[in-house]
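Thanks for coming. I will show one structure and walk through a few parts of it, slowly enough to take notes.

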Amino acid sequence: MSKKVLWLIIIFTILFIIGVNAGELGYLINLGNTVCLSCIGVG
Amino acid sequence: MTRLRSLIQTLMALGTNAYLLFPFGGSVIYQGPLKAMCHPGLNCYSCPGALLSCPVGAFQNFMASLRFSTGGFPLTGAIVVGYLGFIGTAVGRLTCGWVCPFGFIQDLIHKIPTPKFSLWKPLRWVKYAVLGLMVVVMPVFFVDASGLGHPWFCKIICPAGTLEGAFPLLLLKPSLWDTVGLFFWNKLAVLILILVAAILISRFFCRVICPLGAFYSLFSRISLVQLEYIEGNCVECGACVRKCPTGVVPNQEFDSRECIMCLKCVDACHFRALDFSMRRPPGKPAKVKRVTPSL
């Protein structure tokens, strides 16, 4: 594994953790639990 | 390998759209904790059967509501970028070839017997513009009167949303027909165009439009796994080129951003000039193994 890949994996893991701690999991659940009107083209 | 890939594609498409209670009352879409996780491929989360969220739709919504973040750390979509970046770094576009439900649909409809065409190669750059403009820039800056952005890719283009979300929902909830307007008919036209194009041109959407494929392709040259070319074994018969669904020339375009690692070329090569392996450190060449062709 090259250093570049290792750094990328570390950076993306940190980003993921930042997202979790910022409360983005809850936002994702709320988002997924409502019908996305834009997705189906009626919004 | 082709059968294994088809099996995994089928299992992934069905397994991640396995909410079967929607016709029996209650919620019309799955509402549960699994929606906290994004699908690694393009799969509309408004599909009644969808268990996971759509990464492209979720990220656009993060961008669209960026200016409404109040107090604490802003919701920037870091969770989605981290998740997708991790997958991209690990396996690159393998996800497109093996896991993505919309890619699977394109594989299936391309089997319809019609004349087939190759893609005009410059069109491959369009997906990067779609990723940058419609997924990142427009949701942040193109806002309505209340200052709220919109998921413009979902709203204008996304064929997965129309096929997997709109049709089943309009069928299940006829009252939605009252709200159908210009955006729906636009999306329907786009869906028809993309499906026709995918019948004629292999993986048309993945190669030209898909922002998720564009994101994963950024990691094609560094991902942990790679399609390895063993030069000493190649007799330049062209069998790999004829089988490639994304128009890559495997013995010339190493680590191509278009390669979805479907491994059709590995199957097609009777001289074992192509192999799927962990990426070698720079400067360490692949071992040449002379083989008797198994024709």
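Which elements of chain B do the buried residues of H5(B) pack against? Keep that in mind for a moment, and note that this is a predicted model.

The answer is H1, H4, H8, H9 and helix H10, residues 204–208, of chain B. H5(B) itself is mostly covered, with seven of its nine residues buried. Those buried residues are B:Pro101, B:Phe102, B:Gly103, B:Phe104, B:Ile105, B:Gln106 and B:Asp107.

Helix H1 of chain B runs over residues 2–15. At 1.5 Å a residue, its 14 residues should span 20 Å, and the end C-alpha atoms are 19 Å apart, which agrees.

The next partner is H9(B). H9(B) has 19 residues and reaches 27 Å from its first C-alpha to its last, close to the 27 Å expected at 1.5 Å a residue. Its buried residues are B:Phe184, B:Lys187, B:Leu191, B:Ile194 and B:Ala198. Around the axis they cover an arc of only 90 degrees, which puts them on the same side of H9(B). B:Leu182, B:Trp185, B:Ala189, B:Ile192 and B:Leu193, on the other side of H9(B), are exposed. The buried residues of H9(B) pack against H5, H8 and H10 of chain B.

Now the pair H8(B) and H9(B). Two packed helices are described by the angle between their axes and the distance between the axes. Here the axes of H8(B) and H9(B) come within 8 Å and cross at roughly 105 degrees. That angle makes H8(B) roughly perpendicular to H9(B), because angles of 65 to 115 degrees count as roughly perpendicular. From H8(B), the contact uses B:Pro159, B:Thr162, B:Leu163 and B:Ala166. From H9(B), it uses B:Phe184, B:Lys187, B:Leu188, B:Val190, B:Leu191 and B:Ile194. By class, the contact of H8(B) with H9(B) has eight nonpolar, one polar and one charged residues.

Next, the other chain. Chain A has three helices and zero strands, and its elements run α-α-α from the N terminus on. Its C-alpha atoms fill a box of roughly 45 × 20 × 10 Å along the principal axes. Of its 43 residues, 33% count as buried.

How many residues of chain B are in contact with chain A? There are 44 of them, in contact with 31 residues of chain A. The elements giving two or more residues to that side of chain B are helix H2 (55–64), helix H3 (78–91), helix H7 (152–157), helix H8 (159–172) and helix H9 (182–200). H3(B) gives the most, with eight residues. By class, the side of chain B that touches chain A has 26 nonpolar, 15 polar and three charged residues.

Phi of B:Glu236 is near 55 degrees, a positive value in a residue other than glycine. B:Glu236 sits in the loop between strand E1 (225–229) and helix H12 (239–243) of chain B. B:Leu263 also has a positive phi, of about 70 degrees, although it is not a glycine. B:Leu263 is found in the loop between H12 and helix H13 (264–268) of chain B. Buried or exposed, how does each count? B:Glu236 counts as exposed because it has 11 C-beta neighbours inside 10 Å. B:Leu263 has 21 such neighbours inside 10 Å, so it counts as buried.

That is where I stop.

Technical notes
Residues numbered from 1 in each chain as written. Chains lettered and ligands numbered in written order. Predicted model: local features only at pLDDT ≥ 70, side-chain atom pairs only at ≥ 80, totals over all residues. Contact = placed C-beta atoms within 7 Å. Helix = DSSP H or I, 4+ residues; strand = E, 2+ residues; numbered from the N terminus. Nonpolar A, V, L, I, M, F, W, Y, C, P; charged D, E, K, R; others polar. Buried ≥ 20, exposed ≤ 12 C-beta atoms within 10 Å, placed from the backbone. Expected span 1.5 Å × (residues − 1). Axes fitted to C-alpha atoms, helices over the stretch in contact; angles between N-to-C directions. Parallel < 35°, antiparallel > 145°, perpendicular 65-115°, else oblique. Arc of directions from axis to C-beta.
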